[in-house]
Amino acid sequence: MSRTSRRRFLAAAAMSVAATRLRAQGAAQVTLIIPTEANGPHMPEDYVGLSYEVQQLLDPAFFSPKNAGLIREFKALSAHGVLRLGGNTSEFEWWKPTPDAKEPEHPQTHEVEGEPKAQYYPVTAEAVRNLAGFLRATGWTCLYGIGMGTNTQERAAAEAEYVAKTLGDRLQYFQIGNEVDLFSRHLRDPKTWNAKTYLDEWLAIARAVIKAVPDAKFGMPDVAADVGWLTQIAEMWPSVQAPPHVTTLTHHYYFGGPATNPEVSIPNLLKPATMARVQKTADTATAAADKMDVRVRMTEGNTCYRGGKPGVSDVFAAALWSADYSLLLAINNYSGVNLHGGTGKSVANSVGGSLPGDVMLKDAGATPEQIAGRPHPFYTPIATFGNQYSLEPVAYGLIFAGALSGATLVKADLTSQIQATGVNATAYAAKLQGGETALVILNKDAVRDLELTLDFGPGRSGTVETATLHAPALDSREAHITRDSKRGSLKHGQYAVTVPHASGLRVTVT
């Protein structure tokens, strides 16, 4: 038996034993009435995305058409994804259009723990050309981050002109500045920095970009956590003369952090209150977007800021979280999510030089070999091991939710019906492009199974296919998506399914 086959066998065996025990205890039983009309927002085909530090471009061979291993994993994640380049390191890049271009002088910044040190680096024309080839090879598009913190209007415009020409239709829009609500910590005067001074500075750079790229599009403000800035910008926007073409309001989201924080745990990550806070953020963000007649995108985020937490960010619980988080934002009319990742070096540089999770493992007595066997950073959807790449559990949650990309979502109160039983689970419904009805049920409960009767109406008939998101346990360093080889059918418009605890189920009715 191969290693993969053995792992799948053990996973199935573990799930079977657990399910048997819980049936003896009694699973929660719910009947869900599935509406026939798709009355919710459209979930774009390119909803799924990844976020990387701009500093990743320092290695032109990384995002390159020759990097077959990384291309393979991007395509496995999504056929039409969105790569966002930004992060803390974007504020210290400088544009190097030719090999003999000299490094410019840089302003003084404050060194703050948890923020990147002022280590300046060039983004070269070669790196941008390779990025264009990588995007064409994967079928992905790009949100390209241009620094604001230590940049000038002239350099920003020159970089934007080359990027727009080189990426072509693979460029969705530019971002100018990263986590600008935190600039007062190390890049701007805290006495004067606010949403208004940011907007004035952003407009000056954006207009310089437009002179070089007349049809440039933008996303903004890319705040770290203060979504109130979105509200303030939306209120100020009508007074902006000849406003640049902003297509998207953007913000970041991390559940918690850093790794040493005991509140960052699997139970807290998966509890309903966590998603209730996400909903509150979405309410604020979408209200601002509606004022500007644009959509919202979560352009950087993950389970735990500053590189993730081993045992939380790199285990199966993160898969259930990412699937639930993605679909909750989709039903709130977000245009997509970009989970942050990359190589350990680039992310460590972005948070001051080291990952707190590494320190945590060392303090726990982990050997260098054990630490090296974990993904770095711990939250990355695609891990890098030398010249090898692999999808991590959090990526499987994106894939599972991403199966609804291109669909029109159904606004229905399915989750509250399930949670009324005391089970920690959520549910989402959608009409796929081909007319099929699809449901995703995520049972995040650590102990209780769900027995569901899905009621599509007495006159509905159809064939049923299912797929399961599963692993041996919430803290397993693995995740699997298994399609059921057997097809079922509706009986009197109904279909009965069991969703084991700590698993996800996707049901598609044709």
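This is a predicted model: local features need pLDDT of at least 70, side-chain atom pairs count only at pLDDT 80 or more; totals for chains, interfaces and linings use all residues.
How do α7 and α9 lie relative to each other? They run roughly parallel, because the angle between them falls under the 35 degrees that sets the limit for that label.

**Close-up 1. Helix α7 packs with helix α9.** Here we look at α7, made of residues 228–236, and α9, made of residues 272–292. Their axes sit 8 Å apart, at an angle of about 15 degrees. The crossing of α7 past α9 is left-handed. On the α7 side, the residues to look for are L230, T231, I233, A234 and E235, and they meet T284, A285, A288, K291 and M292 of α9. Sorted by class, this contact holds 6 nonpolar, 2 polar and 2 charged residues.

**Close-up 2. The buried residues of α7.** Stay with α7 and pick out W229, L230, I233, A234 and M236, which are buried. They are on the same side of α7, because they span an arc of only 165 degrees around its axis. What do the buried residues of α7 pack against? Their partners are α6 (195–212), β8 (217–223), β9 (245–256) and α9.

**Close-up 3. Helix α3 meets helix α4.** Now for another pair: α3 covers residues 125–138 and α4 covers residues 153–167. The two axes come within 9 Å and cross at roughly 30 degrees. That angle makes α3 roughly parallel to α4. This crossing is right-handed. From α3, look for A125, V128, R129, L131, A132, L135 and R136; across from them in α4 are Y162, V163, T166 and L167. By class, the contact of α3 with α4 is made up of 8 nonpolar, 1 polar and 2 charged residues.

**Close-up 4. L450 in strand β17.** Is L450 buried or exposed? It counts as buried, because its relative accessible area is 0%. Leaving aside residues up to four places away in sequence, L450 touches A28, V30, I418, V423, A425, I441, N443, V497, T498 and V499.

Definitions and conventions:
Residues are numbered from 1 along each chain as its sequence is written. Side-chain values use heavy atoms; hydrogens and water are left out. Axes are lines fitted to C-alpha atoms, for helices over the stretch in contact, and angles run from 0 to 180 degrees between N-to-C directions. Helices (H or I, at least four residues) and strands (E, at least two) are DSSP runs, numbered from the N terminus. Angles under 35 degrees count as roughly parallel, over 145 as roughly antiparallel, 65 to 115 as roughly perpendicular and the rest as oblique. A crossing is left-handed if the near helix is turned anticlockwise from the far one by less than a right angle, and right-handed if clockwise. Contact means heavy atoms within 4.5 Å. Ala, Val, Leu, Ile, Met, Phe, Trp, Tyr, Cys and Pro count as nonpolar, Asp, Glu, Lys and Arg as charged, and the others, Gly among them, as polar. Buried means under 20% relative accessible area, exposed over 50%, partly exposed in between (1.4 Å probe, protein chains only). The arc is that of the directions from the helix axis to the C-beta atoms.
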